Number of protein chains: 2
Amino acid sequence: MTLTVPTTYKALTEATAIALAKTVYTFDHAAQLTCREIGDGNLNYVFQIEDTETGKRIIIKQALPYAKIIGESWPLTLKRATIEANVLRKHGEFVPSLVPAVYATDEELAITVMEDLSHLEIVREGLINGQNFPRLSKDIGEYLALTLFHTSDYGLHPFEKKRLAAEFSNPELCKITEDLIFTDPFFDIDTNDYEPQLQSAAEAIWSDRKLQLEVAKLKKSFLTESEALLHGDLHTGSVFASQTETKVIDPEFGFYGPIGFDVGLFLANLIFQSITREGENRQVIVDDIGKTWEVFASSFGELWNKQSVESFRATEGYLEYVLGKVLTDATGFAGCELIRRTIGLAHVKDLDSIEDTEKRTSFKKQALETGRALILQGQQTASIDDLLEILEEARK
Amino acid sequence: MTLTVPTTYKALTEATAIALAKTVYTFDHAAQLTCREIGDGNLNYVFQIEDTETGKRIIIKQALPYAKIIGESWPLTLKRATIEANVLRKHGEFVPSLVPAVYATDEELAITVMEDLSHLEIVREGLINGQNFPRLSKDIGEYLALTLFHTSDYGLHPFEKKRLAAEFSNPELCKITEDLIFTDPFFDIDTNDYEPQLQSAAEAIWSDRKLQLEVAKLKKSFLTESEALLHGDLHTGSVFASQTETKVIDPEFGFYGPIGFDVGLFLANLIFQSITREGENRQVIVDDIGKTWEVFASSFGELWNKQSVESFRATEGYLEYVLGKVLTDATGFAGCELIRRTIGLAHVKDLDSIEDTEKRTSFKKQALETGRALILQGQQTASIDDLLEILEEARK
């Protein structure tokens with residue numbers, strides 16, 4: 001599929017970003033604006049515009065027509081900027097305090113003008129530095145319940161749900177997930193990236209037929225199950241937080257998919273911390289995993305009981321069936337995320353930043369073993385305690 | 001959702017249909033054309049245009065902006081004409097001999113100009129009259145395998161599959177199925193239609209909580225599982241046949257849904273005949289049920305082995321898993337069809353045309369009992385013989 005950059009598309013500079021900021025956001029008439037590009041430059045420009053007098057800041061995010069994930073340029077649809085802004089707006093209808101406000105968008109320029117969140121910290125960074133975020137599990141549990149319930153067939157008229165499912169069709173970004181999470185790490189493929197001391201562990205995965213069959217089923221679920229409007233990439237690097245606030249950003253992978261995918265990806269990224277931490281610090285993470293699920297399940301159940309539009313909402317066992325499916329799906333998806341972040345193309349700093357080679361290797365092996373167990377036992381997971389038990393087993 | 005009729009839409013008359021025929025199809029210059037409206041007038045006009053000299057005939061089908069299903073007018077999207085024509089074209093790429101050729105379409109007028117099939121008979125009518133169609137099970141088995149494989153993630157690049165899924169979004173027609181097959185018959189609702197002597201049998205269904213839970217799951221599958229481009233309404237009234245030919249018509253309910261739905265609906269409509277027939281005549285139908293499945297499964301498996309684009313295509317057990325899911329889904333969907341055609345809004349002539357009240361009542365009770373058993377045992381169906389065994393049990 002060839003991707004063409006619209007002729008009107010032009011990469012912003014700090015100067016043009018300031019000019020644009022003035023047209024879309026009401027600064028004081030005489031405001032002196034400064035601009036800094038603070039993105040990592042791999043996928044997007046992120047311009048932070050500041051009124052030097054008042055300190056008021058906004059963000060202009062611009063998608064680049066390529067990605068640098070594999071070392072070189074890889075064309076990538078600019079439509080993802082529109083998807084991202086529209087997911088933020090749609091999810092913002094249900095959890096306004098948990099996502100950044102969107103002030104303006106321009107589809108041709110692939111830009112989103114939005115709330116600045118630089119007073120918060122990226123959760124992954126904070127966790128790696130040993131910090132904890134006391135509101136995180138409750139906020140993300142509610143974020144998951146509210147955004148996913150309200151965009152599902154339980155919360156929406158079927159006409160509106162199908163309209164949204166078509167609007168949020170996101171083939172290019174889904175393909176990245178299909179390849180990088182559900183396919184490549186399970187085959188001996190060039191783009192996989194792992195340390196030499198993991199060679200035999202990686203080979204064990206590539207030759208595990210039972211594992212591959214379960215991954216094939218999980219991939220099928222990702223490809224076909226249009227349950228709700230997902231964030232699509234809900235790892236701890238997609239969450240800003242402080243001690244008092246949580247904001248979910250970057251839903252450019254948003255699409256209609258299986259609810260368990262958002263849940264599972266987030267849990268997996270906490271699981272990395274449950275692998276690298278010890279003692280009380282670890283217990284905080286284990287508690288967060290449990291609480292994220294409990295809050296999600298109870299909030300989802302409350303919405304179901306109060307607001308479901310489904311005729312079978314009162315059918316005995318149906319809510320339990322739906323939540324049970326989310327949990328088994330999430331367990332399997334979490335397993336795929338653990339494996340792909342360890343031997344696939346895109347890693348996590350939680351593991352890679354550990355300098356001691358022996359420790360790092362041991363953690364990575366544990367991540368692989370945990371991932372394998374979650375995938376193989378996913379369908380038997382009947383409660384969050386079962387999932388937590390799998391984590392403990394893999395530490396032995 | 002309000003449906004507006006485009007201002008350029010105009011119901012055809014026999015005269016304007018002839019004029020239109022001349023502009024879209026090459027008849028001989030001096031051809032004398034006659035026209036007859038042969039539709040049942042509930043949903044569509046069907047004009048048959050004939051060249052009186054050569055006998056050459058074509059069909060112009062025009063969607064009406066309303067349906068008369070419930071005795072009065074019910075606004076119904078005209079877009080269904082475009083969906084129907086595009087499904088015929090898409091499926092025609094894979095099974096050109098099993099669907100009518102489409103010569104032309106006009107979206108504004110909601111018309112499809114297509115091959116005339118009046119030399120064939122509607123399968124339901126033929127079966128009710130005791131006829132058999134020796135090619136039917138093999139042709140439908142292949143139709144199902146080819147159309148569903150080639151529009152699934154196993155047969156298509158994910159970009160193309162997602163493009164088609166969005167193109168064939170069909171909310172209005174899906175809603176009819178969601179209500180009439182998966183909801184209303186399982187609740188005591190005014191629009192249900194059943195004979196007084198079925199009162200207690202109907203009430204038994206409305207109070208069967210286990211049954212409702214399984215139906216809720218099947219409805220969820222219909223609402224969310226975007227596996228392949230379905231026909232969407234594949235009953236025996238949607239198939240024309242003779243001793244040597246089979247043509248599937250009327251895919252206006254087409255959308256991306258679970259593969260087992262097309263399979264299950266067709267099997268259910270054969271099952272009505274397995275209920276009303278006796279002895280050798282019945283055995284022909286039982287054999288057709290078995291053969292439809294066997295041909296579908298073996299053709300689908302052959303396509304999988306030769307043409308699948310899925311990376312896990314060679315993973316041991318994956319094809320068996322996919323076919324197993326189609327069968328369990330199909331069994332449950334067939335059960336819903338049996339029940340809704342017996343006590344729901346839209347009936348089948350197979351049962352309703354039986355004049356003897358005692359016989360008719362007994363058959364209808366058997367249809368309900370069979371439907372119930374198929375739904376409750378659907379998930380345990382491991383082979384087509386298991387399904388056939390359920391039919392035998394329900395006759396006892």
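These legends describe close-up views of a predicted model. Local features need pLDDT of at least 70, side-chain atom pairs count only at pLDDT 80 or more, and totals for chains, interfaces and linings use all residues. Residues are numbered from 1 along each chain as its sequence is written, chains are lettered from A in the order in which they are written, and side-chain values use heavy atoms, without hydrogens and water.

**View 1. The two domains of chain A.** Domain 1 of chain A covers 14-115 and domain 2 covers 121-395; such bounds come from an automatic or database domain assignment. Their centres, taken over C-alpha atoms, are 27 Å apart. Contact (heavy atoms within 4.5 Å) joins 25 residues of domain 1 to 28 residues of domain 2. The two domains bury about 2200 Å² between them, 71% of it on carbon and sulfur atoms. Buried area is the accessible area (1.4 Å probe) that two parts lose on being put together, summed over both.

**View 2. A salt bridge between the domains.** The side chains of A:R80 and A:E252 form a salt bridge, 3.3 Å from N to O. The term requires a side-chain nitrogen of Lys or Arg within 4 Å of a carboxyl oxygen of Asp or Glu. Between domain 1 and domain 2 of chain A there are 3 salt bridges. Helix α2 (residues 79-92) of chain A gives the largest share of the domain 1 side, 9 residues. Helices are DSSP runs (H or I, at least four residues), numbered from the N terminus.

**View 3. An aromatic pair in chain A.** A:F182 and A:F222 form a tilted pair, 5.1 Å centre to centre, with 40 degrees between the planes. Rings of Phe, Tyr and Trp (its six-membered ring) pair if their centres lie within 6.5 Å; planes under 30 degrees apart count as stacked, over 60 as edge-to-face and the rest as tilted. A:F182 lies in the loop between α6 (171-180) and α7 (199-206), while A:F222 is in helix α8 (residues 209-224), 40 residues apart.

**View 4. Where chain A meets chain B.** Each chain brings 42 residues to the contact. Chain A and chain B bury about 3700 Å² between them, 69% of it on carbon and sulfur atoms. In chain A, A:F159, A:K220 and A:F312 lose the most area to chain B, together 20% of what that side buries.

**View 5. A salt bridge between the chains.** A:E316 pairs with B:R209 in a salt bridge, with the closest N and O atoms 2.6 Å apart. The interface of chain A and chain B has 8 salt bridges. On the side of chain A that touches chain B, α8(A) gives the most, 10 residues.

Note on methods: Helices (H or I, at least four residues) and strands (E, at least two) are DSSP runs, numbered from the N terminus.
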